[in-house]
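This report sets out selected features of the structure shown below.

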Amino acid sequence: MRKVILLLLLLCFTAHTRGKLHSPPAKPGLTSCRSPEKETFTCWWKPGSDGGLPTTHALYYRKESSETVYECPDYHTAGENSCFFNKNDTSIWVNYNITVVATNALGRAFSDPVEIDVVYIVKPNPPEKVTVTVMEDKGWPFLRVSWEPPHKADTRSGWITLIYELRVKLEEEIDWEMHLAGQQKMFNIFSLRSGGKYLVEVRCKPDHGFWSEWSSTSYIKVPDYFHREKSTWILITVFSTFTFLILMWLLHMNRHNLKHCILPPVPGPKIKGFDKQLLKNGKSNQIFSALVVPDFPPATSSNYEDFQVEYLEVYVRREQELVLEESKDLHNSCLKSESSTSDCDSGRGSCDSHTLLMAKCREAKEGERQTDRECSIVSLEMSSGRVKTWPSVFSPLPRYSSSPLDQQRQSYWDLCLSSKQPHLLNPPTPVCRELQAHSDVNISSIGHKRAPAGPRSPALHTTEYVEVQRVDNKDTLLLQPVVQGCGRMGGCFQMPHGEVYSKVKGVDSDNVLLLQREGMGEDRCPCVEQETNEVTGSCHKSCTVSTTQKPSGCIYTAVPVRDEMATMANGYVDTATMCTLHTC
Amino acid sequence: MAHCGGTNGSKLFTMVLYMAAACGAIPISDLLDRASQRSDKLHSLSTTLTQDLDSHFPPIGRVIMPRPSMCHTSSLQTPNDKEQALQVSESDLLSLVRSLLQAWEDPLVVLSTSANTLPHPAQSIISNKIQELQEHSKSLGDGLVVLSGKMAPGAQTISSLPYFGGNDIGQDRISKLINFNFLLSCFRRDSHKIDSFLKILRCRAAKMLPEMC
């Protein structure tokens, strides 16, 4: 009973072990075959699972030209699972058919056959004796790498031709720098980093084969060649220092100019009599007292008129004297010393009348010298005494004229005084107006007395008229007395010799020229009424259109405008021709 | 073959070399250098062609591919290892080279024509490279003629290796591909032989320039 149980157990055990571990070997596989020098070669295989039993592997090969199967001659030289074919067993340009067989107790396994030709599986050994040296080329270092082909490869006879490749990198870098060297056994590497540590490796390849493994790494340290660069830097530094010193010296020499250029001096205060030093050193009282200028502001106003603008300067007196002396027959009597009468021309534009002045003068000379009339030259004496007016030759001097008419006349002459200095009018104005008032009254009285004024007309001839003959080139008036005649109605003035001018006032709608009687002004233009012979001096010629007498107003003479008359330059109309038309 | 006049031939070759150098003509080393460069290019082209073809080669083709021993140039006796190769004289080596090159003149035409109709995805690339192969082969052949003239009379010997494959490489797609592949593999081996021999010759001629080898 026990035996049966033991037998059963044994059977079960054996059956179990068989099923689990024992099996024919798996198929092995040839991994690679390589020849290092085209003379020998080695094949390696990878065994499969051995099936639990000790398995042996065998390599069998067959050459292409024969059917003989040979087994691998050497299983050990090349290591485990390898087969080494030595020179005698190696034929080139011959196909080898290689198979690996795995054998164990339970069976065999054949690998797939592999056809190889030795010349196509050449993979040389790495180059040997790689040496790296640092050499110098004109002071710049470079690496010289030299090596030798693997000792087994026969390159001398040309049996195998190798081409080489090397790679370089700095110790701290990652990427290699590759260089193909061709068939040469020496290579130069330039552009090195000063003081760097380099790694160099070399490998080779047959002309139609596989690359070898990289050779062992060679280390090399490049020496520092900074000293050569340093000398350059020293030179540059010295040169720049030298230049800098020169520039500084130049700046120092021209520092004043530079200072003026960059920081121009601030102009000091320029106050007259002001002491800058006082400002710096003195006290405030002293400063302010220094500011006070003794003669400022000016106290007197004596020269205030100096600052006034004067509009008119008429120097007539002296020139007039000279001119009149030349034509002494006419003008002597007219020349008188200047009388200082005040200016009270209140705008009466009679000062422009040449006839006014000259008629008066002439009358004084040629006519009956009934009175001690004088053609006086009124010189308007301004406060400065420089302003002169027309020679108001017909200005009756206050001393001789006793009649009210004379006083009236005086008023007329007053108009000749310039009134262009309004401020000057202020003092004499009351006097002027008074005279004017007198004139008004008298004229009106004259007007009323007109009728019986005939016999008095001779008395009225005492008015002095001077006619301006001409104005010479020296701007002097050449006077001639008015010819007193009664060519007209009694008391009327004769037609004077020479030319007589009237100012044109305007032209009315009927093309009639309106003449302005030269008189006291616009509002007072006491034109002479021929009949009344009320010559108050402004107009020596009276040509009236209207028969009415308007002693208090201007009588305008209207004449038809003739072209030639209108073209007179200064607006004056020659009334000589005009008056022929009218009874004067 | 390996021992036939090897030492005497090398001496003669060296003498010829010095004479050529003395005359001032293009030295043989330069000629050989150019020739070996040409042959190197030739072999590289054939290698890339093989890789292009193998990219889409049907796996079954590997099994039934004819053996390389059936190449039409297999009858030519060439050294099988280094010792043998180094013992061959220069003129013999050149003769071998020329013979091999000559043997591939016609098959390359066959390859070229069949490449036009090759049922392969990379057909146009293959066709172009076949064209290049023909050009390089032609120029190398012409150079070798010049080179052989500078060498011993033995270099003029060219073994005839006719190609009997005909113009047709197969009817169906598989056979076409297989035959094309086979032919190309034969050429690849022979071009490698040519390149190796010329490089041996180059190293021998460059004795004055040891850095060449």
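At roughly what angle do the axes of helix H5 and helix H6 of chain B cross?

## Helix pair in chain B

The model is a predicted one. In chain B, helix H5 (residues 90-103) and helix H6 (residues 105-116) have axes that cross at roughly 35°. These two axes come within 4 Å of each other.

On the H5(B) side, the residues that meet H6(B) are B:Leu101, B:Gln102 and B:Ala103. Their counterparts in H6(B) are B:Glu105, B:Asp106 and B:Pro107. By class, the contact of H5(B) with H6(B) comprises 3 nonpolar, 1 polar and 2 charged residues.

## Interface of chains A and B

Between them, chain B and chain A bury about 2300 Å², and carbon and sulfur atoms account for 48% of this area. Within chain B, the residues losing the most area to chain A are B:Lys82, B:Arg189 and B:His192, which together make up 26% of what that side buries. The contact draws 28 residues from chain B and 26 residues from chain A.

The rule finds 5 salt bridges across the interface of chain B and chain A. A salt bridge also joins the side chains of B:Lys82 and A:Asp154, with an N to O distance of 2.9 Å. On the side of chain B that touches chain A, two or more residues each come from helix H2 (28-54), helix H4 (82-87) and helix H8 (173-205) of chain B. H8(B) supplies the largest share of that side, with 11 residues. The side of chain B that touches chain A divides by class into 10 nonpolar, 6 polar and 12 charged residues.

## Strand pairing in chain A

Chain A contains an open sheet of 3 strands in the order S9-S10-S13, with antiparallel pairing. Its edge strands, strand S9 (128-137) and strand S13 (186-189) of chain A, each pair on one side only. Neighbouring strands of this sheet are turned against each other by 20° on average, direction ignored. Strand S10 (residues 140-148) of chain A and S13(A) run antiparallel and are joined by 4 bridges. A:Phe187 in S13(A) stands opposite A:Val145.

Another antiparallel pair in chain A consists of strand S20 (residues 501-507) and strand S21 (residues 512-516), joined by 4 bridges. A:Val504 has A:Leu515 in S21(A) as its bridge partner. The hairpin of S20(A) and S21(A) has 4 residues between the strands, and A:Asn511 in this hairpin takes a positive phi near 55°.

## Surroundings of A:Tyr219

A:Tyr219 belongs to strand S15 (residues 218-221) of chain A. When residues up to four places away in sequence are not counted, A:Tyr219 touches A:Lys197, A:Tyr198 and A:Leu199. The C-alpha atoms of A:Tyr219 and A:Thr133 are 9.7 Å apart in space, while the two residues are 86 residues apart in sequence.

## Salt bridges

Over all chains, the count by this rule comes to 20 salt bridges. One of these pairs A:Arg167 with A:Glu201, whose closest N and O atoms are 2.6 Å apart.

Notes. Residues are numbered from 1 along each chain as its sequence is written. Chains are lettered from A and ligands numbered from 1 in the order in which they are written. This is a predicted model: local features need pLDDT of at least 70, side-chain atom pairs count only at pLDDT 80 or more; totals for chains, interfaces and linings use all residues. Side-chain values use heavy atoms; hydrogens and water are left out. Contact means heavy atoms within 4.5 Å. Buried area is the accessible area (1.4 Å probe) that two parts lose on being put together, summed over both. A salt bridge is a side-chain nitrogen of Lys or Arg within 4 Å of a carboxyl oxygen of Asp or Glu. Ala, Val, Leu, Ile, Met, Phe, Trp, Tyr, Cys and Pro count as nonpolar, Asp, Glu, Lys and Arg as charged, and the others, Gly among them, as polar. Axes are lines fitted to C-alpha atoms, for helices over the stretch in contact, and angles run from 0 to 180 degrees between N-to-C directions. Two strands pair if DSSP finds at least two bridges between them.
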